[in-house]
Amino acid sequence: SGASKSLNRRSTASSLGLPRAGPSDTYVRMASGQIKQAVGKTVMPFDVTSDARAGEVLDDEDLADNLAAIKPFADTGHITIFHPGDDGVTIHKSEDVNIVFNAPPVVS
């Protein structure tokens, strides 16, 4: 996603038992161009620094699916790997990853 914070649907936050961390002053510009205010803050259940765990909660009708922001993880030294096809994404501590390049990047 292009999100700078992780965005969670209210129903997902509730079903996962994510903590309520107070009101939010975050506004999100939707793909439609509309601007919606998050209804609250939460903390994601990941074993990472608090900055990367911060999340926002939006009403279900304002968000089609939950969006994990990658930038907070990168800013805290994590490595994100996008796997091919439908194999998803994994985020790793930088000291746990050794990347070997066999050719120059196709995009930089």
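Author: Start with Ala31, which lies in the loop between β2 and β3 (35-37). Keep in mind that this is a predicted model.

Reader: Why is Ala31 called exposed?

Author: Its relative accessible area is 92%. Exposed means over 50%. Ala31 is at 92%, so Ala31 counts as exposed.

Reader: How far is Ala31 from Ser4, in sequence and in space?

Author: Ala31 and Ser4 are 27 residues apart in sequence. From C-alpha to C-alpha, 15 Å lie between them.

Reader: What makes Ser24 buried?

Author: Buried means under 20% relative accessible area. Ser24 has 9%, so Ser24 is buried. Ser24 sits in the loop between α1 (10-16) and β2 (27-29).

Reader: Which side chain makes a polar contact with the side chain of Ser24, and why does the pair count?

Author: The partner is the side chain of Glu56, at 2.4 Å. A polar contact needs N or O atoms within 3.5 Å, a donor on one side and an acceptor on the other. The pair is at 2.4 Å, so the distance meets the cut-off.

Reader: Which residues is Ser24 in contact with, leaving aside its neighbours within four places in sequence?

Author: They are Gln37, Ala38, Gly40, Lys41 and Glu56.

Reader: Is Ala13 buried or exposed, and how do you know?

Author: Ala13 has a relative accessible area of 7%. The cut-off for buried is under 20%, so Ala13 is buried. Ala13 is in helix α1. Not counting residues up to four places away in sequence, Ala13 touches Leu18 and Val57. Ala13 and Leu67 are 54 residues apart in sequence, and their C-alpha atoms are 12 Å apart in space.

Reader: What makes His78 buried?

Author: His78 has a relative accessible area of 12%. Buried means under 20%, therefore His78 is buried. His78 belongs to strand β6 (residues 78-82). The side chain of His78 also makes a polar contact with the side chain of Thr76, at 3.0 Å.

Reader: Which residues is His78 in contact with, leaving aside its neighbours within four places in sequence?

Author: His78 is in contact with Val48, Phe73, Ile91, His92 and Lys93.

Reader: Where is Val48, and what does Val48 touch?

Author: Val48 is in the loop between β4 (40-43) and α2 (50-53). Not counting residues up to four places away in sequence, Val48 touches Arg53, Phe73 and His78. Val48 and His78 are 30 residues apart in sequence. Their C-alpha atoms are 9.0 Å apart in space.

Reader: Which residues form the largest nonpolar core, and why is it called a core?

Author: It has eight residues: Ala3, Leu7, Val28, Met30, Ala38, Leu58, Leu63 and Ala69. The name applies because a nonpolar core is a set of buried residues of listed nonpolar types, joined through side-chain atoms within 4.5 Å. In soluble globular proteins, nonpolar side chains tend to be buried together. Take Leu63, one of the eight. Leaving aside its neighbours within four places in sequence, Leu63 is in contact with Leu7, Asn8, Arg9 and Leu58.

Reader: How many helices and strands does the protein chain have?

Author: The count is three helices and seven strands. Along the sequence, the pattern runs β-α-β-β-β-α-β-α-β-β.

Reader: What of the chain as a whole?

Author: The chain has 108 residues, and 24% of them count as buried. The C-alpha atoms fill a box of roughly 45 × 30 × 25 Å along the principal axes. The chain exposes about 7600 Å², and carbon and sulfur atoms supply 52% of that.

Reader: How far apart are the mean positions of the positive and negative charges?

Author: They are 7 Å apart, for 10 positive and 14 negative charges.

Note on methods. Residues are numbered from 1 along each chain as its sequence is written. This is a predicted model: local features need pLDDT of at least 70, side-chain atom pairs count only at pLDDT 80 or more; totals for chains, interfaces and linings use all residues. Side-chain values use heavy atoms; hydrogens and water are left out. Helices (H or I, at least four residues) and strands (E, at least two) are DSSP runs, numbered from the N terminus. Buried means under 20% relative accessible area, exposed over 50%, partly exposed in between (1.4 Å probe, protein chains only). Contact means heavy atoms within 4.5 Å. Accessible areas come from the Shrake-Rupley method with a 1.4 Å probe; for residues, only the protein chains shown count as cover. Lys and Arg count as positive and Asp and Glu as negative; His and the chain ends are not counted. The place of a charge is taken as NZ of Lys, CZ of Arg, CG of Asp or CD of Glu.
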